[in-house]
Amino acid sequence: MGEVDPAFVQAIEHRPRLEPIEVADDIPVIDLSTVLNPPDHNTTQQIITRIGAACETWGFFQVVNHGVPADPRRKVAAVAKQFFDGSSEEKRKVKRDEVNPMGYYESEHTKNVRDWKEVFDFLVHDPSQIPASHEPDDKELKILTNQWPHFPTDFREACEDYAREVEKLAYKLLELISMSLGLSANRLNGYFKDQTTFLRLNHYPPCPFPHLALGVGHHKDAGGLTVLAQDDVGGLEVRRKSDREWIPVKPTTDAYIINVGDIIQVWSNEKYESVEHRVVVNSTKERFSIPFFFNPANYTMVKPLEELVNEKNPAKYREYNWGKFMATRSRSDFKKRDVENIQIYHFRVSDN
Ligand SMILES: O=C(O)CCC(=O)C(=O)O
Ligand SMILES: [Fe+2]
């Protein structure tokens with residue numbers, strides 16, 4: 001291997017530790033079968049309590065018996081592999097750019113360091129509307145649509161079938177999380193009517209310098225909720241709130257990894273936190289993962305929910321517009337910038 005491209009090299013404090021660590025307390029695995037089958041009120045309540053505790057302690061949990069059928073998941077994993085194994089010419093035909101951020105991309109930067117990965121993004125609701133620019137006073141919207149490769153031929157169908165199934169799970173989880181906050185099941189659903197949800201196929205090729213680079217640098221997910229399928233290779237690490245240690249998320253066959261994003265952090269007035277995570281790569285195995293980023297409508301004004309604030313617990317965030325937040329964030333995906341990109345703490349009201 002020749003020289004290491006400095007664009008991929010993480011600052012020393014962000015480089016991964018590659019030796020496995022012993023993990024005593026693990027991210028909770030929650031079985032949803034009793035909530036999905038004819039619900040039994042008591043067990044549903046127990047599951048809501050466990051979900052609430054996981055959101056508070058970790059910001060992350062895994063679900064099993066979640067109702068997403070195995071077949072669409074298998075199919076989307078198969079077409080993802082075929083697509084990423086295909087020629088760079090085919091990939092170039094569906095390459096995303098600043099005009100259309102959906103499609104293929106291989107040089108995303110997280111926190112201004114290049115990620116060791118290639119991705120394919122598509123909207124779950126096609127078309128979707130987002131702001132035309134990040135400028136606060138520019139009210140213009142633009143229409144986003146998906147672009148699909150011709151190879152493999154069943155790529156689009158597999159992606160769309162899969163997205164439909166995961167969307168059902170995402171709504172179920174949103175309802176359980178809403179109830180865990182003491183709200184009615186459908187309190188948050190309305191925000192997702194004109195959702196800007198997208199799905200991402202991630203491919204992390206083997207990396208010759210896994211001690212220097214990351215598949216995805218440390219970050220928090222900006223949206224509502226993430227529903228992630230990972231294969232059996234492993235690499236996702238979550239920053240444990242109690243001691244800020246990086247804890248690997250053990251692959252569990254057929255499970256989904258769920259994490260709350262910045263929007264739920266704000267809605268819950270920080271009862272739940274959007275927790276930092278990153279992806280470690282390795283020198284021998286490629287890895288695939290498929291996050292579903294469940295995001296509200298572009299026009300959503302995000303602020304702590306009125307039911308959850310009071311004199312003793314005043315709103316910890318100023319209201320912000322989700323579409324503008326997203327538009328500002330995505331500017332930094334395309335080039336390395338000198339300044340930190342927009343972060344949720346910029347909207348935090350100071351404690352005193
Ligand atoms: O690949 C993974 O396990 C996680 C990816 C991720 O965090 C992201 O794409 O936001
Ligand atoms: Fe993420």
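Select His219 and His277 to begin: both are buried in this predicted model, where buried means under 20% relative accessible area, exposed over 50% and partly exposed in between, with a 1.4 Å probe and protein chains only. Local features here need pLDDT of at least 70 and side-chain atom pairs count only at pLDDT 80 or more, while totals for chains, interfaces and linings use all residues. Residues are numbered from 1 along each chain as its sequence is written, ligands are numbered from 1 in the order in which they are written, and side-chain values use heavy atoms, without hydrogens and water.

His219 in strand 10 (residues 216-219) and His277 in strand 15 (residues 277-279) are 58 residues apart and link distant parts of the chain, strands being DSSP runs (E) of at least two residues, numbered from the N terminus.

Then move to ligand 1, where a polar side-chain atom of Arg287 lies 2.8 Å from an oxygen atom of the ligand, the corresponding distance for Asp221 is 3.3 Å, and that for an N or O atom in the side chain of His277 is 3.1 Å. Taken alone, ligand 1 exposes 290 Å², of which the protein buries 95%, as calculated by the Shrake-Rupley method with a 1.4 Å probe.

Finally, select strand 16, which gives the most to the shell around ligand 1, with four residues.

How values were computed
A polar contact is a pair of N or O atoms within 3.5 Å; within protein, one must be able to donate a hydrogen and the other to accept it, and residues adjacent in sequence count only if both atoms are side-chain atoms.
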